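Subject: Structure handover

Hello,

Please find the structure below, with notes on what was found in it. The notes follow directly after.

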Amino acid sequence: MSRLVIVSNRVTVPEPGKPPPPGGLAIAVKAAFKNRPGIWFGWSGKIDDNPNTEPTVAERDNITYVVTDLATADYQEYYNGFANRVLWPILHYRVDLAEFSRSDLSGYLRVNGLFADKLSQFLQPDDTIWVHDYHLIPLARELRSRGHQNPLGFFLHIPCPPPDLLFTIPRQEQSLGVMSHYDLIGFQTDNDRDNYARYLQISGAHMGRDGQSYQHEGRVTRIGTFPVGIETAEYARDAEHAAHSDFLRELRESLSGRQLFVGVDRLDYSKGIVHRIEAFDHFLETEPNWRNRVVFLQITPKSRAEIPEYGDMGRAVNELVGDVNGRYGEASWTPIRYINRPYGREDLAGIFRLAAAALVTPLRDGMNLVAKEYVAAQDAEDPGVLILSQFAGAAAELEGALIVNPHETEGMAAAMKTALLMPRDERKSRHAVMYEAIAKNDIEHWVETFLNSLTESKKPPFMAQIR
Ligand code: GDG
């Protein structure tokens with residue numbers, strides 16, 4: 001078995017007693033190493049302006065963590081700049097929030113070159129390299145230009161919007177346009193993959209007959225759909241276990257028989273937290289009978305706090321939560337419990353199991369693992385209801401959810417009521433369909449299908465299919 005080398009923007013070396021930071025990518029990627037040894041390379045999360053500092057190497061289980069620091073300008077231009085103020089908003093359909101500068105783009109390209117330089121010394125010719133997410137799109141070109149001919153795959157964790165939106169990225173040919181140096185590009189949904197294929201066609205790429213591959217300067221790149229999953233069985237076990245913890249007992253007692261709604265999201269404008277609270281407000285307004293009978297727990301660890309749009313959004317949520325609690329709250333009941341700290345994974349699993357409904361209502365999301373975790377955490381005999389945005393990638397797989405449009409306040413409020421009143425038989429049948437889907441397409445399935453497809457991409461019969 002060849003070694004697996006995974007590259008992602010941020011890599012956290014596990015420390016005993018310290019919970020990993022919240023974020024779907026790291027959780028998914030870690031699972032790739034379960035049955036194979038390898039290297040996980042990326043940014044340490046530290047800033048260091050000395051250009052001669054060597055990457056730090058740490059062994060944990062069968063993973064060799066290799067992490068490198070970033071200089072202040074790199075951090076500002078690559079991470080806070082082009083990646084998170086251009087690519088993140090535009091790929092989430094929010095052109096209105098994008099802020100482009102040429103220096104940020106050159107910082108983005110520079111850091112991709114820097115990553116390639118630092119990673120090169122650790123690479124062996126038969127390593128399989130898997131690059132993750134929008135921060136590192138140009139990495140393949142940088143590695144190829146340094147002579148690496150390894151199988152190279154890329155997975156985009158976030159959405160890929162239609163070409164009209166992709167073309168709003170200034171100088172997109174320098175960032176998105178350089179994907180042809182990969183052998184395989186993976187997307188979360190068919191919709192994302194098809195959007196990218198249309199972008200390629202419009203850009204004049206030489207497409208294969210199947211419409212799922214293209215050729216550029218002698219290299220064939222395949223594109224495909226690989227919906228990311230979770231460790232379904234383990235998560236279900238953790239949730240069952242957590243249901244008996246002291247933490248859960250205290251939470252249950254604090255509800256005094258009220259029903260629980262839960263939302264868990266990084267503090268990010270893509271997650272639709274403001275729209276969700278407005279819908280809960282509407283629900284309490286129009287369904288006075290439910291006042292004092294339901295509590296909405298929103299767990300929202302802060303993220304990307306240095307980016308102005310995130311600060312603005314954080315303030316908007318604070319204001320709205322205060323407003324709703326002030327209008328409906330009573331001495332013995334707070335409608336929204338809003339928390340800006342992460343919880344441990346087991347506690348979270350227990351909360352999911354206790355909640356009558358999860359509100360997973362992003363305005364756009366590549367997949368959304370919280371939706372899948374909520375389903376995994378349920379007691380199959382008395383499960384809760386998943387309220388899920390039609391704009392989360394997960395909606396393509398979780399047919400048993402109550403699907404909502406997060407832009408329609410009344411529709412979301414109606415779904416909240418439906419969830420609370422749904423008979424047990426219907427909850428069970430909806431849950432069974434969803435559990436089956438996430439058990440079949442779990443995280444191991446995701447890893448195996450992507451890596452097998454990457455290996456296939458390198459085989460000659462496939463290459464012969466191109467016109
Ligand atoms: C990106 C894409 C895609 C959250 N709060 C806490 C906590 N979390 C965990 C959740 C979940 C993960 O973080 C969040 O994953 P999501 O998928 O919901 O969202 P992103 O971070 O935006 O992830 C997304 C994903 O990559 C994978 O491809 O699904 O579309 O945007 O696992 O449970 N975990 C703990 N405490 C918290 O307070 N322990």
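**Loop residues**

Ser 256 sits in the loop that joins helix 9 (246-255) to strand 11 (259-264). Helices (H or I, at least four residues) and strands (E, at least two) are DSSP runs, numbered from the N terminus. This is a predicted model: local features need pLDDT of at least 70, side-chain atom pairs count only at pLDDT 80 or more, and totals for chains, interfaces and linings use all residues. Residues are numbered from 1 along each chain as its sequence is written.

Ser 256 is exposed because it has 10 other C-beta atoms within 10 Å. The cut-offs, with C-beta atoms placed from the backbone, are these: a residue is buried if 20 or more other C-beta atoms lie within 10 Å of its own, exposed if 12 or fewer, and partly exposed in between.

Ser 180 belongs to the loop between helix 6 and strand 7 (184-187). With 20 other C-beta atoms within 10 Å, Ser 180 is buried. Leaving aside residues up to four places away in sequence, Ser 180 touches His 216, Arg 219 and Thr 221; two residues are in contact if their C-beta atoms, placed from the backbone, lie within 7 Å. The C-alpha atoms of Ser 180 and Glu 408 are 39 Å apart, and the two residues are 228 apart along the chain.

Two residues other than glycine have a positive phi, as follows. For Asp 61, phi is about 50°. Asp 61 lies in the loop between strand 3 (56-60) and strand 4 (63-70), and Asp 61 counts as exposed because it has 10 C-beta neighbours inside 10 Å. For Asn 368, phi is near 95°. Asn 368 is found in the loop between strand 14 (357-360) and helix 13, and Asn 368 is buried, with 27 other C-beta atoms within 10 Å.

**Ligand shell**

The shell around the ligand has 26 residues, and Pro 22, Gly 24, Pro 342, Gly 366 and Met 367 come nearest. A residue is near a molecule or strand if its C-beta atom, placed from the backbone, lies within 6 Å of it. By type, the shell holds 16 nonpolar, 6 polar and 4 charged residues. Here Ala, Val, Leu, Ile, Met, Phe, Trp, Tyr, Cys and Pro count as nonpolar, Asp, Glu, Lys and Arg as charged, and the others, Gly among them, as polar.

At least two shell residues come from each of helix 1 (24-32), helix 12 (345-354) and helix 13 (369-377). Helix 1 provides the largest share, 4 residues.

**Nonpolar core**

The largest nonpolar core contains 134 residues, and Leu 386 and Ile 387 have the most contacts inside it. Such a core is a set of buried Ala, Val, Leu, Ile, Met, Phe, Trp, Tyr and Cys residues joined through C-beta atoms within 7 Å. Helix 2 (residues 72-91) gives the most to this core, with 10 residues. Among the residues that Ile 387 touches, not counting those up to four places away in sequence, are Ala 357, Leu 359, Val 360, Leu 402, Val 404 and Met 416.

**Helices**

Helix 16 (residues 443-457) has 15 residues and reaches 21 Å from its first C-alpha to its last, close to the 21 Å expected at 1.5 Å a residue. The expected span is 1.5 Å times one less than the number of residues. Ile 443, Trp 446, Val 447, Leu 451, Leu 454 and Ser 457 are buried in helix 16. They cover an arc of only 115° around the axis, so they lie on the same side of helix 16; the arc is that of the directions from the helix axis to the C-beta atoms. The face turned away from the buried side of helix 16 carries the exposed residues Glu 448 and Asn 452.

Helix 11 (residues 308-328) has 21 residues and reaches 31 Å between its first and last C-alpha, close to the expected 30 Å. Its buried residues are Val 317, Val 321 and Val 324. They cover an arc of only 70° around the axis, which puts them on the same side of helix 11. Helix 10 (273-286) and strand 13 (336-339) are included in what covers these buried residues. The face of helix 11 turned away from its buried side carries exposed residues including Asp 312, Arg 315 and Glu 319.

Regards
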